[in-house]
Amino acid sequence: MKNEGSFLPLPLQPSRMLWHCHNKQNHEPVRQPILRSLFFILRFFCITILVFVLAKIGFMLACHEGHVFTFTDVWEVIKHGFSLDLSTALYFVIIPFLLVMVSIWWQGKILLKILHAYYIIIAIAFSLAFVADASLYPFWGFKLDASCLQYLETPDEAAASVTGKYLLIRFLAFISFAISIYGLYKYLASGNKAFGMKNEKPSFKTKILSSVLYILLIPFMVIGIRGGIDESTTNIGQVYYSQDQFLNHSAVNPVFSFLSSFEKTANNIVDYDFYSQEECDQLMEELYPTVSVHTDTLLNTHHPDIVVILMESAGEIMADAMPRLQQLKREGIFFANCFANSWRTDRGTVCTYSGYPSFPTSSVMKMPNKTRHLPSIARSLQKEGYDTYYYYGGDINFTNMRSYLIATGFSHLVWKKDFSASEQATSKWGVCDGLMFDAVYRQLTQKHDHPMLIGFSTLSSHEPWDVPLKKLDDPIKNAFYYLDDCIGRFVDQLKETAQWENTLLVILPDHSIDFQGIDETKEARNRIPLIWAGGAVKEARAIPQICNQTDLPATLLAQCGLPHDDFKWSRDVLSSTYEYPFAIHNYNNGVSIKDSTGFMVYDLNSKHVIVSESNDIQRLECLGKAILQATTTDLKNMQ
């Protein structure tokens with residue numbers, strides 16, 4: 001028969017016996033149609049799992065830099081990730097399964113066309129997921145999720161982190177993988193002619209029996225997709241097995257990670273119900289005092305001109321590449337134990353100016369209905385007669401920055417569109433830091449009748465690390481050296497003016513970065529410099545208290561003699577009410593906390609402490625969970 005090599009099930013044959021039927025014309029046995037159907041579905045299922053396993057190996061090879069692993073580790077990754085691969089593969093079996101059921105009652109080549117169209121769609125989707133996952137992981141340090149979609153709104157900004165060669169290689173990889181994946185399905189589960197057979201007419205009884213069989217299989221597929229019949233359903237955390245997060249992340253299926261994250265991003269805010277409301281309130285008691293008492297005085301004046309320099313990615317791990325910053329630590333006020341709240345610019349900006357916490361999966365800056373209710377340094381100073389400016393050399397619309405800045409009190413926005421075309425081309429992200437510092441200098445030193453607040457986000461110390469200065473061989477450190485040089489020249493210029501005596505420079509990064517094996521599981525990863533410099537500073541000193549960048553608003557406003565009770569998550573670290581110094585940090589699906597007893601990291605996927613460097617780890621875990629629950633509830637209830 002011409003259809004002897006078909007992989008997809010043929011319609012059931014009329015016969016006295018379902019399992020032993022013959023073609024009356026040539027007396028050759030015809031494959032049992034139900035078995036043929038099941039074998040086709042099984043082939044599709046196995047091919048999908050094979051694709052997922054190969055993608056894991058490819059991910060580990062593509063992202064191996066900075067990570068040491070053995071062949072045994074590769075096997076362990078495949079083994080522990082297998083259960084998630086099985087569940088994910090079942091999602092994609094649904095369409096072929098339904099096509100098989102339709103073919104029992106209706107035969108037509110259109111079914112084969114639908115099947116091959118489906119192969120094209122999933123080949124493109126899988127290839128895109130695998131390439132995006134392996135490409136973004138070195139930058140983000142977590143698996144692919146739906147948060148990447150927000151950057152499609154500003155593709156130029158998203159592409160600014162990489163070179164044209166980088167994008168070309170990824171595009172060619174995407175095309176190659178998509179063709180390869182499609183080829184696997186087409187030639188190993190082709191279904192050629194299977195839906196086009198018209199010379200075999202199954203009996204009504206055969207149709208009924210076949211349909212009943214497939215209906216009985218549906219509950220088993222649902223159980224497989226769900227991951228069993230227990231209360232816990234399939235989740236990313238089930239594949240975690242190692243203290244090495246890279247191995248855990250390698251075991252995670254990127255397709256499942258992406259699809260499951262929509263549940264978190266759809267409502268923007270994820271609920272964390274670790275405790276009852278009463279228990280949470282008890283754990284949170286007196287952690288965030290909002291009134292300053294006996295605050296130490298650091299400034300010469302209550303109304304200085306203030307410039308907040310938010311340095312892109314400049315954590316303390318880059319200290320050796322930033323000598324001028326180390327000099328400013330000695331000359332000004334250095335908060336020696338400050339930690340970033342988050343790992344992304346949009347989160348870090350809100351933490352800095354609004355004293356509002358970050359969240360593992362939600363970006364407050366992307367929620368205009370929430371940001372308009374946030375307190376901010378700009379709005380508080382604006383009420384005191386300050387003129388407010390914000391400078392950024394990139395696209396001010398990136399991650400909804402414009403909406404946030406305007407809503408929180410910045411009246412004048414200066415960004416790359418305010419510069420010439422040639423100036424906009426000085427950096428992949430826009431106007432290079434050197435030109436932006438010059439613009440801030442001109443703004444600050446021109447005659448003005450009111451005190452001013454200038455917020456300024458730098459951008460040159462960011463992938464692809466292209467800066468107009470070559471001093472260090474390491475391109476990453478060289479980019480930070482360039483930023484440091486820009487800060488040094490800005491300070492030197494300002495010192496030569498009368499403006500210096502009435503200026504307070506607040507210098508800190510928006511977040512830190514993973515570098516040379518220092519990742520979210522290390523305390524050093526999120527330690528950041530917070531420096532106050534300028535003539536408005538009374539004297540040089542170091543502040544030893546552990547604190548967060550969210551504590552800047554309360555501490556700064558208290559130094560200006562202003563209330564800060566509306567900053568409910570910001571603490572005046574110089575006040576006698578600051579009795580329990582600690583710092584909390586959230587990253588994608590994780591939370592870390594630091595206090596005098598040590599350091600703890602809790603992974604929200606595996607629901608386990610993955611770093612325990614404290615003699616009171618249980619209390620730190622409870623504290624981290626309570627803060628995450630309380631802050632999330634506050635965000636959700638904000639109106």
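Start by selecting Cys-338 and the residues it touches: Asn-526, Arg-527, Ile-528, Leu-530, Cys-547, Asn-548 and Gln-549, leaving aside residues up to four places away in sequence. Touching, or contact, means heavy atoms within 4.5 Å. This is a predicted model, where local features need pLDDT of at least 70 and side-chain atom pairs count only at pLDDT 80 or more, while totals for chains, interfaces and linings use all residues. Residues are numbered from 1 along each chain as its sequence is written, and side-chain values use heavy atoms, with hydrogens and water left out.

Stay on Cys-338 and colour strand S2, residues 333-339, which holds it. (Strands are DSSP E runs of at least two residues, helices are H or I runs of at least four, and both are numbered from the N terminus.) Is Cys-338 buried or exposed? Cys-338 counts as buried because its relative accessible area is 0%; buried means under 20%, exposed over 50%, and partly exposed in between, with a 1.4 Å probe and protein chains only.

Next, jump to Glu-286, in the loop between helix H9 (277-284) and strand S1 (305-311). Glu-286 counts as exposed because its relative accessibility is 65%.

Finally, zoom out to the whole chain. You'll see 19 helices and 12 strands, and 57% of the 639 residues count as buried. Of the contacts with a separation of 6 or more, 75% are between residues 24 or more positions apart.
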